[in-house]
Amino acid sequence: MSELAETMQVSRRTLLKASVLAGGGLMLSATIPGIARAATGSAQAAPLNAFVTIAPDGAITIVGKNPEIGQGIKTMLPMLIAEELDADWDKVAIVQGDSDSRKYGPQLAGGSFATPMNWIPMRQVGAAGRAMLLEAAAKRWGVTASSLTTSKGVVTNPANGKTLTYGELATDAAASAVPDPGKVALKDPKDFHIIGRKIGGIDSPKIIHGEPIYGVDTQLPGMVYAAYERAPVFGAKYLSANLAAAKAEPGVIDVIAIPGSGGPEQLVDGVAVIAKNWWLANKARSKLGVQWDNGEWASHSTRGYDEQARAFMASGKPAESLNKKGDTAAAFASAAKVVDAEYHYPFLAHVPMEPMNCTAQWHSKTGTMEMWAPTQTPNGGQQSVAKMLGLPEDKVVVHITRSGGGFGRRLINDFMHQAAAIAKAKPDTPVQLIWTREDDVRGDHYRPAGWHRLRAALDDKGKLTAIEDHFVTFDLPGAGGFNPATMPKDHFPYAFVPNASYGQSKMKTAVPMGALRAPTSNALSFVFQSFLDEVAHEAGTDLPTLLLALVDGAEAEPAQQGFFGKQPGFDPGRMRSVIKKAVAMSDWGHASLPQGHALGFGYYYSHLGHFAEVAEVSVSKAGLVTVHNVWIAGDVGSTIINPFGALNQVQGAAIDGIGQALSLAVELDKGAVTNSNFHNYAIPRMPVAPQIYVEFVPSDNAPTGLGEPALPPVIPAVTNAVFAATGKRIRSLPIDKKLLATA
Amino acid sequence: MATLTINGETRTLDVPDDMPLLWALRNELGMVGTKFGCGMGLCGACTVHVDGVATRSCSAPVGSLAGKKISTIEHLGETPLGRALQKAWLDVDVMQCGYCQAGQLMTASALLAKNPNPSQAEVDSAMQGNICRCACYGRIREAIQIAAKEGATADV
Ligand code: FES
Ligand code: FES
């Protein structure tokens with residue numbers, strides 16, 4: 001690449017650089033400082049960067065910087081740039097950037113951050129590029145830029161019909177004055193021709209031919225394969241193993257005991273078996289006979305946690321207060337009715353379709369660890385592996401591969417640490433570590449189980465006068481950054497009830513825990529929306545009516561500092577509009593349903609998206625629940641950037657939530673997970689998928705992410721529908737069919 | 001030592017007879033389009049055709065495959081039906097992460113080869129061995145029906 005043609009501080013906010021590509025053409029790079037604070041997990045504001053090149057043949061290349069895990073980011077971010085650039089989408093190529101947070105800003109897939117973080121800046125970059133191309137054309141023709149138009153990568157002079165392509169102008173444009181990205185006019189949304197269009201996934205044409213694009217498809221000359229045996233009991237330590245017996249197995253190259261370093265998020269004790277074929281490596285594990293010191297954790301079980309939690313809830317008093325207002329004692333003393341219920345949800349695993357894997361090669365001459373990693377947090381993985389190996393960060397090179405699903409599992413990079421430790425022990429040999437599905441199910445960082453005792457006081461008019469929650473959760477040892485075993489201290493409906501008191505008690509555990517798609521919300525939605533359905537029933541009304549009454553007359557909360565800068569506060573107006581929409585879509589209250597079918601409702605606000613959902617279910621005599629239809633109304637801002645990806649995310653999230661309601665739970669006994677594979681961790685299959693009707697309710701807000709917020713409300717919609725169909729309350733997940741069986 | 005016919009070519013492999021086809025394809029032949037998801041015949045990610053029948057390659061030892069015709073996702077585009085499915089997959093933008101889709105396409109093409117006009121119940125039943133963790137089930141159903149319609153007209 002080329003000499004820098006121009007650098008200038010174009011505004012306080014954005015540094016835009018234009019340079020000439022080696023063979024001619026334009027390279028535009030933009031640095032947008034400080035809008036992505038907590039997304040990196042650090043307090044430091046990190047820049048957000050973009051790279052676009054236009055070659056003389058008109059080919060436009062945009063660097064996709066965030067990991068693609070199936071959420072559509074690799075297609076969506078370039079759409080924003082291409083739109084304002086007025087590019088021809090068919091000429092846009094997208095290449096995946098390596099992990100380099102100094103170059104690209106935070107590279108992360110998680111938290112539905114990417115859309116709100118990039119919505120304005122990426123468009124500004126595109127618009128600035130377009131302005132420079134216009135400027136170059138104006139100079140060439142000796143006219144003013146404002147007299148020219150652009151469309152699909154071509155500049156036209158309407159006065160004489162002359163045209164120049166972006167490719168023809170690219171080299172000149174590199175010498176144009178760089179405009180202030182903050183001042184260039186962005187398009188009127190009615191002129192969008194890429195944003196809002198159904199655009200297929202950028203890698204899809206490769207996927208249908210089975211081309212190698214995932215982490216586990218990485219192939220390097222001389223590569224060997226590794227399997228990693230770790231303790232089934234969490235927190236156990238390695239004592240000994242029959243390394244020689246495993247090494248004598250066919251195809252096995254080496255067997256290495258690896259001492260742990262850091263916690264389960266980094267490296268746990270284990271034994272690596274390395275062979276010329278992964279199946280042979282994995283097979284030889286059976287000869288290891290590892291002896292583990294299970295320590296104090298070998299007695300832990302889900303049943304034990306449940307007993308402890310129930311005892312806490314029965315005792316009535318939370319160990320610590322989270323939040324309190326008004327006088328709950330007086331409200332309960334004078335209540336006409338009290339609703340009192342215990343809720344529970346289980347541990348869950350992520351099980352993305354592509355098992356955990358990572359390829360690594362230790363280059364002994366340069367002292368560099370090179371890695372190919374399907375991860376949601378490449379920067380975090382790079383930093384943490386560097387720390388483990390005692391290397392400077394730039395001596396760990398991470399190539400970001402496409403991931404076969406994430407769901408939050410790949411926020412944690414334990415597999416990268418394992419691969420790095422193994423590769424370090426086999427210098428100059430590329431090693432591909434692959435986990436079995438059993439390793440994955442038993443070695444996850446689980447969605448925490450949780451328990452809630454909720455009480456509500458109703459006055460004689462059926463008005464909710466007080467609410468109490470005793471949350472029983474886990475004390476996560478060393479949980480740094482995001483702690484998934486928590487709840488917001490003002491969780492809805494706290495702000496809308498005059499007297500309220502939330503508290504919690506914690507249990508000790510060594511079970512590793514992490515964020516699962518819509519973390520905390522996926523559990524709390526079930527608990528609170530199911531409980532509020534009970535309250536509505538006792539008050540002689542229904543859940544949508546109760547929710548609308550609770551927020552009646554309430555104003556939007558002011559904007560607040562959030563994960564990615566200023567974000568809108570909770571807005572009851574948006575809540576009202578999605579609730580009304582879902583009610584209308586499902587014909588709620590008026591629907592004539594087949595015999596035995598019933599509807600249930602759920603609403604939830606998470607990741608800046610408002611979703612109201614209605615499920616239609618029936619329950620068989622054997623207690624089996626079938627979800628027939630789901631109606632979903634969502635408000636994620638003004639614009640749906642790519643309706644293809646958006647609908648897929650929402651429908652997938654709904655089925656994911658239905659799976660959590662109907663069938664998923666991770667169980668522990670003797671300190672270890674007893675589930676192992678898809679037969680006893682039953683991810684929904686095609687016959688489970690209902691008809692799903694989705695409508696987006698646009699609002700005057702910047703677009704926000706869709707990977708997560710559609711999931712939480714479907715769970716209570718299903719459980720509340722089961723109550724409507726059977727009169728039985730579901731207070732524990734997954735739904736127990738024995739509870740519902742009538743024959 | 002095993003001799004296999006894969007996508008019309010004869011391949012000789014120096015591997016134990018009990019090695020599953022999946023790992024012979026992926027690690028010995030570098031054909032990584034066929035995916036590993038569970039290793040137990042539970043998810044369908046590894047589906048290939050053996051004599052035209054959708055088969056879980058993670059559970060098919062190479063020793064059992066001598067003399068049989070194996071075809072994989074890399075070969076799907078060689079048949080009109082495969083191309084119709086691939087096109088439908090793109091037209092409705094079936095996939096999210098895409099990792100399961102090689103297996104979905106292989107199962108779907110075996111289904112349509114046998115039953116060119118399946119009902120939704122028949123589609124659901126044929127496809128239920130293929131997990132899509134991203135749950136793109138609605139679009140897989142839709143794409144199969146589109147390909148079925150196109151296949152029918154193409155054959156006339
Ligand atoms: S990998 Fe073969 S069925 Fe799952
Ligand atoms: S598209 Fe991700 S598993 Fe099917």
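When I speak of a contact this morning, I mean heavy atoms within 4.5 Å. What we have here is a predicted model, in which local features need pLDDT of at least 70 and side-chain atom pairs count only at pLDDT 80 or more, while totals for chains, interfaces and linings use all residues. Side-chain values use heavy atoms, with hydrogens and water left out, residues are numbered from 1 along each chain as its sequence is written, and chains are lettered from A, with ligands numbered from 1, in the order in which they are written.

Let me start with chain B. Chain B holds five helices and five strands, where helices (H or I, at least four residues) and strands (E, at least two) are DSSP runs numbered from the N terminus, and the order from that end is β-β-α-β-β-β-α-α-α-α. The C-alpha trace of chain B spans about 45 × 35 × 25 Å along its principal axes. Of the 156 residues in chain B, 59% count as buried, buried being under 20% relative accessible area, exposed over 50%, and partly exposed in between, with a 1.4 Å probe and protein chains only.

Now to the meeting of the two chains. The size of an interface is often given as the accessible area lost when the parts come together. Here chain A and chain B bury about 4600 Å² between them, with 59% of it on carbon and sulfur atoms; buried area is the accessible area (1.4 Å probe) that two parts lose on being put together, summed over both. On the chain B side, B:Gln96, B:Tyr99 and B:Arg133 lose the most area to chain A, together 17% of what that side buries. The contact draws 52 residues from chain B and 61 residues from chain A.

Two residues let us look at this in detail. A:Ile683 sits in the loop between β30 (672-673) and β31 (691-696) of chain A, and A:Ile683 counts as buried because its relative accessibility is 5%. Leaving aside residues up to four places away in sequence, A:Ile683 touches A:Val351, A:Leu664 and A:Phe678, and also B:Ile131 and B:Arg133.

From the other chain, B:Lys35 lies in the loop between α1 (21-28) and β3 (47-50) of chain B. Is B:Lys35 buried or exposed? With a relative accessible area of 3%, B:Lys35 is buried. Again not counting residues up to four places away in sequence, B:Lys35 touches A:Tyr214 and A:Asp217, together with B:Leu22, B:Arg26, B:Ala45, B:Cys46 and B:Tyr99.
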